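Good morning, and thank you for making the time.

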Amino acid sequence: MLSFHRLCCAFSVLVLLGGLTSLTAQGQARLNLGFEPDVNRPAPLLFWAWSKNPAAHVVLDTAAAAHQGRGSVRFDLDVEEPAPSVAFLTYALPTDSVRGTLTVRAWLRTAGFHGTAGLYAYVYGALPAEALAQVDSVRRRPTDSGWQQMELQLPVGAAATRVMLGFRAQGTGQVWLDAAELRVGDRPYRDRSLPGTEPYLLPATPPNWDFERPLPASLSAPVFAPDSAGPARGRRSLRLTLPAGSPGARLYVGALPIAATNQGHTLTVSGQVRQLTPGPAPTLTYALLSEPRNPTGTRSHTAIRDRPVFREAPLAVAPGPGWQPFRVDVPLPPQLNPDFRLTLSLGVRLAGAGTTGLDDVRFALDGRPYTAAPATDAAVPTAAETAWLRRHLLPLPAVPPGADGAPLAALRPLLGTARVVGLGQATPGSADLARWQFRVFRLLAEQHGFTYLVLDADMAVAQPLDAYVQGGAGDPTALLSHLGADWNSPPLGALVQWLRTYNQRPGVVRLHVAGVRPQDPLAALAALRQAPAWQEPTARELLGQAEQALLTLTHTVRPGASPAELGPPAVTARHRVQELATYLDVHAKTSGRPAAPAALAGPQQLLRLLDQYTTAYTLSSQQRALYQSGALAENVYWLGQQHPAAKLAVWGPNHLVALTADDDRPLGEWLRALYGPAYVAVGTAFHRGSYAASTTGLAAAQPAYPGTVEEWLHAAGLPAAFLPLRALPLSDESAWLFQKQLFRDIRRPAPAQEFHLHQPRLEFDGLLFVDEIRE
């Protein structure tokens, strides 16, 4: 289920006095400025969001020595990408508590880090897109350092409505962040519990607004108790009691989910209340909580939970045993993103010791009775939908590792006319899914004439692997490891050996392995050095100058920096690459016999990789992602042009081979534009299991749940199956496939939340589903 926003009527477990925990804070979340693992369980970083970057991993680290307490936040920035960046931020700071001169301090340490890092902050006013003040302490940090304090200051004036605090790092290596602290003028800010945030942390129970059902055993007297003595309606009411000597406390009652389509309306909360002991009247308290329906937000950011909007409404009730009606109007925000969900967190504040009764709580939207939808937007497949799935899913038999592709004949109608096939991975590092893709490639090679296996890896680095497949010398394990950790697995090793053995058969059309990424400029230069045209001293000198320029660029300037920052290093690197292209052109036209175009194609493509690399380096992060997808498509197309009769299978992540994406232009979209329907995208999915999250071992995947595509497919009861999606007809039973659904999308590093909103029917021509993977 979509459990990140729960319909709950869980009552706070409050304790008696005598040195025990605070009544007010029980079940409430805190900002967690110290990044402690025991705060906000089970989500310590509940109010912190971070940009998603496959090369930047954010973890709450309890193994390394923190500056203070048990936890710190670690940022692992992958050396495989050129200077990846990550932003870690929160909007949950209560603005009214920090008006004045706000000082922000935090501690940082580094290990093998090359890049910049520091704090940053923004203050916003009535216009959220315009910052009233902004400041940062981002600068180059030592490669290896102990804990060092960072600091910044900024004004939070009367016009401020929102404060954003964050930490930014860009480079490679590891950075830790810990022990953030705030001061307003000379006054320290205490990291208080945030009223109304109980729905984020407390367990869900069914709605019980009339209090007729028994309370859970853990929510017992004396603070909460069912009361059968004269309820306002039905057989029971809720009795709230604070013992003698108690201070005032807000007692959380429950939460109500509100659809985003109700933006701008007025929600009315009504019911019956009585005050059974003398004293000040109780107060109805509420907070509006907003967060993405998808708990990880967009593909570029984790969920950003804003500070709760907390309000109190006094209830005009006189002491006595009689029930009195109450009504409170709650205006809903005028604008809500339809991908967001709003929750009303409801409570009662008692001013001190005493007993209050509550009963028959109801809700109305603009005067009309309002009943919340079930706790999830997800629907369990109906019998008709499950029957439809079983009719359209093509069962795939389980076959042993290394088996040929014959058992996958169900895929043949879709693959028959394909020139390029995208083989998507639901997760990197899964040996079981790799075995299925191996079988698909064998089907393509043996029965459909495919000759190229194109990997989502560096093009130059993959050339020695292709030489091995053609019968050359080498260690296949080492060659695969050079491509990256995700490629060095037993199924890939078996596939490489099969390719080499296949090529030894007499009379066969040889199979090839290729990469497509312009990722390693030094590997491209090394490959150029092997070509005959680059053996002369002048050529060697040009290659050395280009290598030095590229090293200077990557070690001194971050990708996407401003033109002023890129400056001479970027200009010099691009100039050196152009010099190489000019040299090759002049050499080809002036040395000996004219070279055949085919003889120049390889060196020219290596130079093109260098040009793609340096161009991408100068672009902003958004432009760079779009450019890189186009560059990959250009490189796939180049492979096809060198061998016009060749058919290519592109092996990479689901999101790379997909035909479309909400916030990107994936490689698959380019390939569909180049090849039309002759490009076929096949995605993979699984319901549950484990996969290789890193080189250190297996990680358990998050089990699919109702509302995910994988849960629908699981309902068909097949261990493995293929679902053709191209030209799928719309019907009542297939309508769920025509709308966005949560779909597993695991990238590097392993994300905190694996499911994201996708439309597989539009992204893939077919989906290969495996119910369980074990490795």
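Let us start with Ser345, which sits in strand E20, residues 340–350. Please bear in mind throughout that this is a predicted model. Is Ser345 buried or exposed? Its relative accessibility is 0%, and since buried means under 20%, Ser345 counts as buried.

What surrounds Ser345, if we leave aside its neighbours within four places in sequence? Its contacts include Gly196, Glu198 and Pro199. Ser345 also touches Arg250, Tyr252, Gly254 and Ala255.

I turn next to a loop residue. Val317 lies between strand E18 (309–314) and strand E19 (324–331), in the loop that joins them. With a relative accessibility of 9%, Val317 is likewise under the 20% cut-off, and therefore counts as buried. Not counting residues up to four places away in sequence, Val317 is in contact with Val273, Arg274, Gln275, Ala281, Pro282 and Gln324.

Now to the helices. Helix H2 spans residues 383–392, and its buried residues are Glu385, Thr386, Trp388 and Leu389. Why do these residues lie on the same side of H2? They cover an arc of only 155° around the axis, and so they share one side of the helix. As background, an α-helix has 3.6 residues a turn, so residues three or four places apart point the same way. The buried residues of H2 pack against helix H15 (709–714). On the face turned away from the buried side, H2 carries the exposed residues Ala383, Arg390 and Arg391.

My last item is a helix pair. Helix H4, residues 431–448, and helix H7, residues 490–503, have axes that come within 9 Å and cross at roughly 20°. Angles under 35 degrees count as roughly parallel, and H4 and H7 are therefore roughly parallel to each other. Their crossing is right-handed. On the H4 side, the contact is made by Ala431, Ala434, Arg435, Phe438, Phe441, Arg442, Ala445 and Glu446. From H7 come Pro491, Leu492, Ala494, Leu495, Trp498, Leu499 and Tyr502. By class, this contact has 12 nonpolar residues, three charged residues and no polar ones.

That concludes my presentation, and I would welcome your comments.

Notes. Residues numbered from 1 in each chain as written. Predicted model: local features only at pLDDT ≥ 70, side-chain atom pairs only at ≥ 80, totals over all residues. Heavy atoms only, no water. Axes fitted to C-alpha atoms, helices over the stretch in contact; angles between N-to-C directions. Helix = DSSP H or I, 4+ residues; strand = E, 2+ residues; numbered from the N terminus. Parallel < 35°, antiparallel > 145°, perpendicular 65-115°, else oblique. Left-handed = near helix turned anticlockwise from the far one by under 90°. Contact = heavy atoms within 4.5 Å. Nonpolar A, V, L, I, M, F, W, Y, C, P; charged D, E, K, R; others polar. Buried < 20%, exposed > 50% of the residue type's maximum accessible area, 1.4 Å probe, protein only. Arc of directions from axis to C-beta.
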